[in-house]
Amino acid sequence: PKPIVAVVGRPNVGKSTLFNKLVGERIAIVEDTPGVTRDRIIADAEWQNHHFTLIDTGGIEPHTKDDILLQMRVQAEVAIDMADLIVLLVDGREGMTASDLEVANMIRKHDKDVILAVNKVDSQSLENNVFEFYNLGIGEPLAISAEQGLGLGDFLDEIINRV
Ligand code: GDP
Ligand code: MG
């Protein structure tokens, strides 16, 4: 069976954008409204002849602001349970937030292998933004830009090294 890699993180960090980029198709729906993922969230991905199953997490469209966090939690828990490897995605433009820490703590309880990826590092001038994420206690932060396709080769190498 193919290893399962789950992308988790608070709403709006770019999980669906990254998922689409890695899967090579526009499957998950990217929305400017935080937390919106309405379409398929599981797909096969491949790098250097290594195949894995990728899971996007997000949520059904929430009714209230509180539901966003509840949905995020439920979806993340399910995905983390299924996964062989977790990608914790955070936003290098916004910086570390309380929700990032909450997701990190959730992951820690499961005792699974984690890659910490700092998204939206669209240019070199933003690279210093990654360091504060060491404070999540998850390990070394890896800078990527899902939108610009930056850092994804190293990121994928790291995935296939760990599964
Ligand atoms: P999700 O809620 O974590 O699935 O986030 P989405 O993939 O829906 O993206 C949320 C917003 O972040 C959208 O407006 C994306 O276009 C934007 N976004 C995603 N990746 C990047 C990136 O690498 N750089 C920048 N600047 N914006 C990004
Ligand atoms: Mg999404």
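Modeller: Let us begin with two terms: strands are DSSP runs of E with at least two residues, helices are runs of H or I with at least four, both numbered from the N terminus, and two strands pair if DSSP finds at least two bridges between them. The model is predicted, so to speak of local features we need pLDDT of at least 70, and side-chain atom pairs count only at pLDDT 80 or more, while totals for chains, interfaces and linings use all residues. Residues are numbered from 1 along each chain as written, chains are lettered from A and ligands numbered from 1 in written order, and side-chain values use heavy atoms, leaving out hydrogens and water.

Now to the sheet: it is open, has 6 strands in the order 2-3-1-4-5-6, and its pairing is mixed. At the edges are strand 2 (42–47) and strand 6 (141–143), each of which pairs on one side only. On average, neighbouring strands are turned by 30° against each other, direction ignored; the axes behind such angles are lines fitted to C-alpha atoms, for helices over the stretch in contact, and angles run from 0 to 180 degrees between N-to-C directions. Strand 1 and strand 3 (residues 50–56) pair in the parallel sense over 4 bridges, with isoleucine 4 opposite threonine 53 of strand 3.

Helix 3 touches strand 1, strand 4 and strand 5, and its direction makes about 170° with that of strand 4. Helix 4 (residues 152–162) lies across strand 1, strand 2, strand 3, strand 4, strand 5 and strand 6, running at about 175° to strand 5.

Next, the nonpolar cores: each is a set of buried Ala, Val, Leu, Ile, Met, Phe, Trp, Tyr and Cys residues joined through side-chain atoms within 4.5 Å, where buried means under 20% relative accessible area with a 1.4 Å probe, protein chains only. The largest core has 24 residues, and Val8, Leu88, Ile107 and Leu136 touch the most other members. Strand 1 (4–8), helix 2 (65–82), strand 4 (85–91), helix 3 (98–110) and strand 5 (113–119) each supply at least two of its residues, with the largest share, 4 residues, coming from helix 3. Leucine 88 touches, among others, Val8, Val103, Ile107 and Leu136, not counting residues up to four places away in sequence. A second, separate core of 23 residues includes Val5, Leu54, Ile115 and Leu156.

How values were computed
Buried < 20%, exposed > 50% of the residue type's maximum accessible area, 1.4 Å probe, protein only. Contact = heavy atoms within 4.5 Å.
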